[in-house]
Amino acid sequence: MNQYSRGFRFLQVALFTGTLATTATLSSLSSGWNRSVLAALEDSPKTVLDEAWQIVNQRYVDPDFNQVDWQSVRTRLLNTEYSSTEQAYAALRQALAELGDRYTRFLDPEQYQALSNQTAGELTGVGMRLQLDQQSNRITVAEPMENSPAMLAGIKSGDHILQIDGQSTDNMKVDQAAQLIRGEVGTQIQLKLFRPGSHEFEVTLTRARIALPAVHYTLQQEGSNKIGYIRLKEFSSHAAEQMKSAIQNLQQQNVDAFVLDLRGNPGGLLYASIDIAKMWLSEGDIVRTVNRNGFGEDFAAKGKALTNLPLAVLVDNNSASASEILAGALQDNGRATIIGGQTFGKALVQSVHKLSDGSGLAVTIAHYYTPNGTDISHKGITPDIQVDMNSAEQLRASTNTSLLGTHEDPCYLQAISNLQAQIRPQPFAVQDSLYR
């Protein structure tokens with residue numbers, strides 16, 4: 001396969017569930033339309049409708065548009081009079097539904113911004129996760145994020161937020177408090193807090209852009225072996241750098257093997273999955289994408305992996321998209337043992353385009369295949385070791401994520417058993433005193 005660099009231009013817009021890349025989408029209207037018609041379109045919701053139509057017309061993975069006459073769809077969209085923007089949005093959603101692809105979808109401005117924030121793996125604020133304390137009924141800091149303005153100011157888990165810029169938080173909902181705390185980078189916010197068992201205090205914080213943690217990792221002692229447990233929640237723009245840091249930090253602690261947990265990971269950016277695959281693979285194919293014209297982009301590892309230690313990958317039926325690319329690459333190259341349940345089965349690539357009114361369009365632009373040429377659509381990846389969990393175990397794992405990666409986790413226990421059989425025993429060291 002070709003090296004990743006050859007496909008970089010393609011990857012700027014190649015995405016998966018919940019991911020984003022902004023692309024200019026100014027439409028080219030039919031040359032037969034006169035200037036008065038064009039001017040009317042510019043001042044109406046039809047501009048956005050035609051922008052979206054043009055993108056689908058040029059990029060959608062199925063050139064037959066699911067046997068839909070896509071030209072007549074455009075005529076219908078532009079000949080209809082809309083009394084509101086919402087009515088135009090509804091018409092566009094209905095037109096896209098005719099393609100029979102739930103991943104090609106319209107996003108209103110609020111949805112587009114939320115998706116943008118999610119896939120960027122960042123937020124603008126002071127870096128606190130909030131919750132409602134059930135006993136005091138107060139907005140409480142569940143956790144300050146590492147190296148955030150909140151943490152640097154000494155805010156701790158359990159602190160109650162009494163006021164936000166002088167506004168009382170009594171009877172305030174968590175999402176309302178979070179909205180007040182968010183703001184533009186560089187602006188300031190004043191919080192009044194109470195630390196149980198201590199006192200009230202005030203802090204003035206400067207909002208910053210904060211990378212959200214996509215990776216959680218711990219060093220775990222399993223018998224005589226040290227296991228590096230890494231959980232990857234999503235493939236955001238910061239996932240690769242966080243994964244690299246996790247692998248390196250665990251290696252410095254002399255781990256014997258790794259468990260990579262992709263359960264519940266819905267996917268994310270394509271380039272993030274490729275970059276992370278290269279951290280585990282020194283060589284080997286990673287993925288092949290094929291667009292509507294049959295043009296393929298091949299991506300492979302041709303370098304030096306960060307580690308060659310034994311690896312087990314945990315998956316379930318919510319491991320989708322970019323998760324399946326990574327798991328498929330590691331499985332087909334014999335680099336890891338895949339453990340758990342059948343994965344979701346999403347083998348499509350989307351790009352997300354920002355439209356002129358701040359809304360957006362996600363459109364499927366390619367199909368992907370694992371290194372062995374497997375199409376996992378609607379089938380998913382079959383684990384090397386199947387771990388069947390009953391409904392009670394699945395519910396407990398999904399509602400209490402603190403159990404993941406512990407001895408209460410059947411998939412993790414299976415991974416440890418598998419890895420311990422692969423770990424090379426250390427040679428017995430005979431003490432010099434025995435020979436004196």
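Q: At roughly what angle do the axes of α9 and α10 cross?
A: In this predicted model, the two helices can be compared through their axes, which come within 9 Å of each other. For α9 and α10, the crossing angle is roughly 20 degrees.

Q: Are α9 and α10 roughly parallel or roughly antiparallel to each other?
A: The axes of α9 and α10 cross at roughly 20 degrees, and angles under 35 degrees count as roughly parallel. The two helices, α9 and α10, are therefore roughly parallel.

Q: Which residues of α10 make the contact with α9?
A: The passage of α9 over α10 is a right-handed crossing. On the side of α9, the contact is made by A239, A240, M243, K244 and I247. By class, this contact has seven nonpolar, no polar and two charged residues. The residues that α10 brings to the contact are D275, I276, M279 and W280.

Q: What is the handedness of the crossing in which α10 passes α11?
A: Helix α10 covers residues 270-280 and helix α11 covers residues 322-332, and their axes come within 9 Å and cross at roughly 25 degrees. That angle makes α10 roughly parallel to α11. The crossing of α10 with α11 is right-handed.

Q: How many residues in the contact of α10 with α11 are nonpolar?
A: From α10 the contact draws on L270, S273, I276, A277 and W280, while α11 contributes A322, I325, L326 and L330. When these residues are divided by class, one is polar and none is charged. The number of nonpolar residues in the contact is eight.

Q: How many charged residues does the contact of α3 with α4 have?
A: In α3, the residues K46, L49, D50, W53, Q54, V56 and N57 meet W70, Q71, V73, R74, L77, L78 and N79 in α4. By class, the contact has seven nonpolar and four polar residues. The count of charged residues in it is three.

Q: Which element gives the most to the lining of the largest pocket?
A: The largest pocket has a volume of about 1100 Å³, and of the 40 residues that line it, the closest to its centre are E143, M145, E146, A211 and P213. Several elements each supply at least two residues of the lining, among them β4 (139-144), α8 (174-181), β10 (215-222) and α9 (239-252). By class, the lining has 17 nonpolar, 15 polar and eight charged residues. With five residues, the element that gives the most is β10.

Q: Which helix supplies the largest share of the lining of the largest cavity?
A: A search of the whole structure finds two cavities of 30 Å³ or more, and about 70 Å³ of space lies in the largest cavity. The lining of this cavity consists of R263, M389, E393, R396, A397, L403, L404, E408, D409 and P410. These residues divide into five nonpolar, no polar and five charged. The largest share, three residues, comes from the helix spanning residues 391-399, which is α12.

Notes
Residues numbered from 1 in each chain as written. Predicted model: local features only at pLDDT ≥ 70, side-chain atom pairs only at ≥ 80, totals over all residues. Heavy atoms only, no water. Axes fitted to C-alpha atoms, helices over the stretch in contact; angles between N-to-C directions. Helix = DSSP H or I, 4+ residues; strand = E, 2+ residues; numbered from the N terminus. Parallel < 35°, antiparallel > 145°, perpendicular 65-115°, else oblique. Left-handed = near helix turned anticlockwise from the far one by under 90°. Contact = heavy atoms within 4.5 Å. Nonpolar A, V, L, I, M, F, W, Y, C, P; charged D, E, K, R; others polar. 1 Å grid on protein atoms, 1.4 Å probe; cavity = no way out; pocket = protein on both sides within 12 Å on 5 of 7 lines; lining within 4 Å. Points joined across faces, edges and corners; volume = space filled by probe spheres on them.
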